[in-house]
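This report describes the overall build of one chain and then the surroundings of a single residue.

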Amino acid sequence: MIEHLPVILITVPILSALLILLLGWHDRRFCYPITLATILFQFVGGIALLIEVMRQGTIHYHLGGWAPPLGIEFVIDTFNSYILPIILFLAVAAAVYARRSVEKEIEPEKIVSFYVLFQILVTGLVGMTITGDIFNLYVFLEISSIAAYTLIASARRPRAYVAALNYLILGSIAGGFVLLGIGNLYVATGTLNMADIARLLPASYGLATVHTAFLLLIIGFSIKVALFPLHLWLPDAYTEAPSAVTVLISTVMAKVSVYAMFRVVFSVFTMAYFVETVPVTELILLIAAVAIVAGAVLAIAQDDLKRMLAYSSVSQIGYIVFALGVANQIALEGGLLHILGHAVMKGCLFMVAGVIIYRLGTSRFSDLKGIAATMPVTCAAFALAGASMIGVPPTIGFASKYYLVMGALEAGYWVYAAVLLAGSLLAVGYIWRFIEVAYFSASSHHEAGGDHCPAPAVREAPLSMLVPMVILSFLCLLLGIFVEPLIEIVAPAVSLLLGGA
């Protein structure tokens, strides 16, 4: 069965989406367990593929027995076998979290279509991760994007439609750039298989067509990952989406878009083109540094928790792209660690925001005074994930930033290493805003009733929302403590990227 697992991870969820639709019409209570069981199955499959790749090396699966370039190929190597379990674990956490959240934030008649689209979104992202064909990467990108636009619009918030429309417009522009870039690559090489393109492309490195393809793809994926200043769709999309959708797109979808950018840059164009033929690493470093600082400053300026976390994502994406600019072994290990770390941290933090919205109906700081007294577990989870976001030892946020700083110093980028540290100091500013409001501000209840007024009963979130949030918060700590086993997985992936396809 293991040899057919790549295609099973795509076909079974598609059939599952159809099953959710059919059974959901009969009784919508079938939707959630089918979705959760399917994504759990995908996660177990992702773990199995990771183990197989670590034992046996890269897996090539030819759909229908047709070898490339005529047939479609799935490829699982040390890079995407590391990414796949991460995104599927976060998808499982988001699915567990979604049940009670969806009941409150989605109109009942939309629940069936919500779970269908949820399943399609995850499947599209899995397809993007394991395909070895660059046009199929675009197809899966569009499938997941269309599902994401619709899921964002499914919220009861009045501005959700506007946020979804903005994302649709900018996402379509990004998709257009990516498609045109792929077209140029096809003109230059006559193939769409990524390994074949990497093999044939060096003979055409001097062609304007190839340079144009590189530029179009970089711009397209920069919009998709919300790299500053192409992040304009992100704050509204993350803020207005239903909480479970925010968790999913801020962790799983954002990380797969980063994966696609890294895959195209390192596995299709290769280091030789990226560093020597079109030396843009300095420009990427500069943009990443601006993103780290600007995203953090914008986050500090927000008066809404969910919106603040959205802008902090702009800053954290800067850290990951920073590794792309440095492009040495240590920095890229830090970048891949930060893909995992940011997914876990931001997943936990957005779950906290969703839990607060679930209980209070708002995430504005002015309404959250003293909330730690009534939601101690939720606020403790935020504190732990926030410490990781800042980079406090021994969290995963500290480990990834340590590798990034060491990589920058090894490459001689002393000033940029200082920018990384400045970004962490700015992170203290926006994480502390919530800590101060939650722990050190008198609640509106006490302000109204005085100190002798009894505190209201503790009302934490339902367990199905609380458990994944707490697990992610502990992972922020545990992954940092046990980072060495992660490095054993990350190091071969980085070696693969630096060595080309």
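Accessible areas come from the Shrake-Rupley method with a 1.4 Å probe, and for residues only the protein chains shown count as cover. On that basis the chain exposes about 18200 Å², of which carbon and sulfur atoms supply 70%. This is a predicted model, in which local features need pLDDT of at least 70 and side-chain atom pairs count only at pLDDT 80 or more, while totals for chains, interfaces and linings use all residues. Residues are numbered from 1 along each chain as its sequence is written, and side-chain values use heavy atoms, with hydrogens and water left out.

| Property of the chain | Value |
|---|---|
| Secondary structure (DSSP runs: helices H or I, at least four residues; strands E, at least two) | 19 helices and two strands |
| Buried residues (under 20% relative accessible area, 1.4 Å probe, protein chains only) | 61% of 501 residues |

The radius of gyration, taken over C-alpha atoms, is 22 Å. Among contacts (heavy atoms within 4.5 Å) with a separation of 6 or more, 81% join residues 24 or more positions apart.

T395 lies in the loop between α14 (376-390) and α15 (396-410). T395 counts as buried because its relative accessibility is 3%. Leaving out residues up to four places away in sequence, T395 touches A387, S388, C476, L477 and G480.

How values were computed. The radius of gyration is taken over C-alpha atoms; the globule rule is 2.2 Å times the number of residues to the power 0.38. Buried means under 20% relative accessible area, exposed over 50%, partly exposed in between (1.4 Å probe, protein chains only).
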